[in-house]
Amino acid sequence: MKIHIPTPLRGYTGGKETVEVAGATVAATLGQLTADFPELRKHLFTDEGKLRSFVNVYLNDDDVRYLPGKEETAATSEDELTIIPSIAGGSCCCCM
Amino acid sequence: MIRISEEDYAALRAHGEETYPHECCGVLLGKHEPGMGNRVSLIVRAGNTRTDSAHNRYNIAPQELVRIQRQARGLGFDIIGFYHSHPDHPAQWSQTDFAEAHWMGCSYIITSVEKGKAVLTNSFLLTGTSEEDKAFQNEQVEVEAAVVVASSSAGEA
């Protein structure tokens, strides 16, 4: 399936905005993505193998975290995954 | 350096005035030009989902970002940065801005809005390669005047 890579991570996919990766589930697809582009792994996952808290993954128009099967949701070659880091902030000096 | 048209520059500042006393936010679409920096071709307004603390926080819904990234792809642009306002606060990045900045290589434009009026607009480039070595670097904002194409009927008769 197609995976859309955000601007800051394209340096790890040879500059490609979109890459084609096969996988039966979202997790398998992300696993194959990081096998094809190993440098991506640390930017997407923690040392414990969990998606970093600020990394959002969308299966088509759905946030994978809110799908019933989460990362084990089945995927087909017709689906598209989008990786999108979060955007937030504000003038508050130290409220997180 | 980040380059932006006079029109887009004025529009993002006006956005901050419109949402005052709340923070505005939006996305900068364009291209990174090697050796030249980011060039903005289009700004896209986004909603601030932090309605609980909109006077000093902002957040863009990931779903909206997905839509904007799709829009950028369709236009042949990339997401090259973001903008937001600091109502009654300086146009400097805060610790919150820094902690929640994850788009390395992108520009973060901040406009201070004092008593409803946009004052200063600064830009900060997020440098580094990871969460561990990221840093904000001041970057010059180059506002480009609109190109006026004069038409003349001379010689057309």
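Relative accessible area is classed as buried when under 20%, exposed when over 50% and partly exposed in between, using a 1.4 Å probe and protein chains only. The model examined here is predicted; local features need pLDDT of at least 70, side-chain atom pairs count only at pLDDT 80 or more, and totals for chains, interfaces and linings use all residues. Residues are numbered from 1 along each chain as its sequence is written, chains are lettered from A and ligands numbered from 1 in the order in which they are written, and side-chain values use heavy atoms, with hydrogens and water left out.

Helices (H or I, at least four residues) and strands (E, at least two) are taken as DSSP runs numbered from the N terminus, and two strands are paired if DSSP finds at least two bridges between them. In chain B, strand β2 (residues 25-33) runs antiparallel to strand β3 (residues 37-46), to which 9 bridges join it. Within this pairing, B:H32 of β2(B) has B:N38 as its bridge partner in β3(B). The two strands form a hairpin with 3 residues between them, and B:G35 in the turn adopts a positive phi of about 85 degrees. Strand β2(B) also pairs in the antiparallel sense with strand β5 (residues 78-87) of chain B, over 6 bridges. Here the bridge partner of B:C25 is B:H84 in β5(B).

B:C24 is in no disulfide, and its nearest cysteine sulfur, that of B:C25, is 6.7 Å away. B:C25 likewise is in no disulfide, the nearest cysteine sulfur being that of B:C24. Both residues are buried: the relative accessible area is 2% for B:C24 and 0% for B:C25.

Helix α2 of chain B (residues 62-75) comprises 14 residues and reaches 20 Å from its first C-alpha to its last, close to the 20 Å expected at 1.5 Å a residue. The expected span is 1.5 Å times one less than the number of residues. Buried positions of α2(B) are B:P62, B:E64, B:L65, B:V66, B:I68, B:Q69 and B:A72. An α-helix has 3.6 residues a turn, so residues three or four places apart point the same way. The helix is followed by B:G76, whose phi is positive, near 80 degrees.

Several backbone features occur in the loops of chain B. A cis peptide bond, with omega of about 10 degrees, joins B:Y20 and B:P21; B:P21 lies in the loop between α1 (6-19) and β2. Although it is not a glycine, B:D88 has a positive phi of about 55 degrees. B:D88 is placed in the loop between β5 and α3 (95-99) and is partly exposed at 43% relative accessibility. B:K115, also not a glycine, has a positive phi of about 50 degrees. This lysine lies in the loop between β6 (107-114) and β7 (117-127) and is exposed, with a relative accessible area of 78%.

B:N56 is found in the loop between β3 and β4 (58-60) of chain B and is buried at 13% relative accessibility. Its side chain makes a polar contact of 2.6 Å with the side chain of B:S53. A polar contact is a pair of N or O atoms within 3.5 Å; within protein, one must be able to donate a hydrogen and the other to accept it, and residues adjacent in sequence count only if both atoms are side-chain atoms. With contact defined as heavy atoms within 4.5 Å, and not counting residues up to four places away in sequence, B:N56 touches A:G89, A:G90, A:S91, A:C92 and B:E23.

Definitions and conventions:
Disulfide = S-S within 2.5 Å.
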